[in-house]
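Try each task yourself before reading its solution.

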Amino acid sequence: MSLISILLVTMAILTLAFGLLTFIGSAKTDRPRSAWFSFATIGATLWAVSIAVFLSLEPTATLVEPWIYGIYIPSMFMTVGMLGYVAWRYPGGKILTILDFVFMAVLSALMIYDKSLLYTSYELTYSGNTVELTKGLLYIVYMGFYFISDTIFMLYCWHIIRHSRTKHIKSSTLLLMVGFAAMSGFTLVADLLLPMMGIYSWIWVGPLLLSVVIAAYFYAILKYHMISVASRWLQMATYAVVGLTGVAVYMLLFYTIFTALFKIPNPSTSVLVLNFLMIVIVLLLMPVIREVSAVLRSMIMVGQVDIAYVIKKLNHLATKNVDLRDLAGFLADHLHFTYIGFIINGRLYGSKSLAMSPEELSAISHLKTSGRDIWQQPNKAVQAAFDELGLKAVAELRNAKGKTFGQLVVGKPLGKSSFERRDLIQLEMIINLVATVIDSEKHLRA
């Protein structure tokens, strides 16, 4: 089987999964409309698989006719399903969808009843498989079916965009409309006009583009929370589908680059196996790559703090018994200060060694509280010690009941000579989290 056929089958499976997940995750009131979307994805799946199998048939193959029908009938199912998905909520849309379904059923029955209305012969060769289509009235009506159905689909999409009050519905419908319009244009040429001339080498374009459009739309409805993926198995299925989509995109890029560079239409089996193994390795390494990238980004970007990463790590540390010196070092590195330390029970736990006498620690520990504000104002003696040690500020650490159990001292921000208001705001945002990470009762008893 060629790489294109493998890619078509993969995308077909994903398309079917998109439809089933959309139906299962939709609200009960939206189930009838989502059923049409699932119906469309079933048609798209059969269309893509039929093309994949037909293109891979060897000259000795005997079972050919079902796959020819699969090229031309399921795509009509897909078109009717997409129309029903956008139009079923309207009374006029229900009527048009039913009429479209009846029209499709009649055309399908005529093709099956008399195959000569669709094609006269087929040819299977190692250079490419083709079908000799009947250039008659039925094929003209067949193309007219798509033109009429697609036009009605676009009009209903436009109606939804114009009259919907919800931004995410407008955005997702616009994506679906634009993607479907582009796909229809390519399909008109690659799957309807070129086959009339006996050129079948591009019929895979239509179902592949449709799969891409449906994938993009599925991600849009996930992003805008138009379906619910609350159950664990549905979440796992969604993650699996997203991962397989990444694999399919990689394989498509590989096929394009490989064909352009080496002028070989089908890579060897060993090359395909190697690429598959590389994909598996990359997917397995993705969590590590993301974590390393986040750490490097947070440490290198001295001019700004990656608050999301810091909060994520603090939430993770909150479930463990953390070493205060390690915590201080982490905060100093990722908040970009020369020093951060904790003073608890008269002891200093800092990101690096700091020569602070017991008298200085006691003086800092006995600074007056400042009410609601966590930042404390150093007196003259403490300020002199701060100037000598390169410290810039001190803040209280408070537990959930608001009781002070320690202090956090901060050095100079990297790349700056003094604090800016933004620095204080960023610190205030995470100091409360830091206080929950520290096992205050444990250290108070120490």
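Predicted model: local features only at pLDDT ≥ 70, side-chain atom pairs only at ≥ 80, totals over all residues.

**Exercise 1: the overall picture**
Work out how many helices and strands the protein has, and what share of its residues is buried.

Solution. Start with the secondary structure: 16 helices and 6 strands. Next, take the 446 residues, of which 45% count as buried.

**Exercise 2: one threonine**
Decide whether Thr15 is buried or exposed, and find what it touches beyond its sequence neighbours.

Solution. First locate Thr15: it sits in helix H1, residues 3–25. The cut-off for buried is under 20% relative accessible area. Thr15 has 1% relative accessibility, so it counts as buried. Now skip the neighbours within four places in sequence, and Thr15 is left in contact with Thr41, Ala44, Thr45, Ser211 and Ile214.

**Exercise 3: a helix pair**
Describe how H4 and H6 are arranged relative to each other, and which residues meet between them.

Solution. Two packed helices are described by the angle and the distance between their axes. For H4 (residues 74–87) and H6 (residues 137–163), the axes come within 9 Å and cross at roughly 20 degrees. Angles under 35 degrees count as roughly parallel, so H4 and H6 are roughly parallel to each other. Their crossing is left-handed. Now for the side of each helix involved: H4 residues including Met76, Leu83 and Val86 meet H6 residues including Phe145, Ile152 and Tyr156. Sorting the residues of this H4–H6 contact gives 14 nonpolar, 3 polar and 1 charged.

Conventions. Residues numbered from 1 in each chain as written. Heavy atoms only, no water. Helix = DSSP H or I, 4+ residues; strand = E, 2+ residues; numbered from the N terminus. Buried < 20%, exposed > 50% of the residue type's maximum accessible area, 1.4 Å probe, protein only. Contact = heavy atoms within 4.5 Å. Axes fitted to C-alpha atoms, helices over the stretch in contact; angles between N-to-C directions. Parallel < 35°, antiparallel > 145°, perpendicular 65-115°, else oblique. Left-handed = near helix turned anticlockwise from the far one by under 90°. Nonpolar A, V, L, I, M, F, W, Y, C, P; charged D, E, K, R; others polar.
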